[in-house]
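The following questions and answers work through one protein chain, moving from its overall form to single residues. Please keep the sequence and the model in view while reading.

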Amino acid sequence: PEQKKKLEQDSERRKAEQLAEEEQKREERYLNAHFRSEADIEIARKRAVDALEDKRKLAFEQLNTINQNITQMQVDLNKSKKSSSEYDLLRQRADDLSQSVLNNRMVIAFYDQEILRTHKEYDETLARYKKYVSGIRK
């Protein structure tokens, strides 16, 4: 019974080692197929981060426009005498704009997180690439 258990454990260990080796080879093929140098990884990182930063910048621009609309609406409300129905419509528009501000802030926070995640992902890819290249040179 103990010998059978030991054989099963050895078999499971060998399977785990084989799976780990296959995963490493898959990773090496991926790195070899996509990147010729560390500079290629940095170029890919820059391209990915630039796209996210462009989207983040657009969200900031939208946020500024919404804030300008809110400010103008407040000025207009203070200057004029509106009927209650017009006032209610403006109030609803102000509420909608306030919700848009919250939504845009969430979008900006999302892009901030994505930028950090992307940098981390490329840091890890670069580390794996360096390990792969150093293994080839040995």
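**Burial, form and helix contacts**

Q: What percentage of the 138 residues in the protein chain is buried?
A: The model is a predicted one, and a residue counts as buried when its relative accessible area is under 20%. By that cut-off, the buried share of the 138 residues in the protein chain is 20%.

Q: What is the radius of gyration of the protein chain, and is the chain compact or spread out by the globule rule?
A: The elements run α-α-α from the N terminus on, with 3 helices and 0 strands in total. For 138 residues the globule rule gives 14 Å, and the value for this chain is well over that, so the chain is more spread out than a compact globule, with a radius of gyration of 28 Å.

Q: Which element of the protein chain has the highest mean pLDDT?
A: Across the protein chain the average pLDDT is 90, and 98% of the residues score at least 70. Among the elements, helix 3 (residues 84–137) has the lowest mean, at 90, whereas the highest mean, at 92, belongs to helix 2.

Q: How many Å does helix 2 reach from its first C-alpha to its last?
A: Helix 2 covers residues 38–79, and S37 caps its N-terminal end through a side-chain oxygen 3.3 Å from the backbone nitrogen of A39. With 42 residues, the helix would be expected to span 62 Å at 1.5 Å a residue, and its reach is close to that, at 61 Å.

Q: Which residues does T118 contact, leaving aside its neighbours within four places in sequence?
A: T118 lies in helix 3 and has a relative accessible area of 5%, so it is buried. The buried residues of helix 2 include V49 and L52, and both are on the list of contacts of T118, which reads A48, V49 and L52.

Technical notes: Residues numbered from 1 in each chain as written. Predicted model: local features only at pLDDT ≥ 70, side-chain atom pairs only at ≥ 80, totals over all residues. Heavy atoms only, no water. pLDDT = per-residue confidence, 0-100. Helix = DSSP H or I, 4+ residues; strand = E, 2+ residues; numbered from the N terminus. Expected span 1.5 Å × (residues − 1). Buried < 20%, exposed > 50% of the residue type's maximum accessible area, 1.4 Å probe, protein only. Polar contact = N/O pair within 3.5 Å; in protein donor to acceptor, adjacent residues only side chain to side chain. Rg over C-alpha atoms; globule rule 2.2 N^0.38 Å. Contact = heavy atoms within 4.5 Å.
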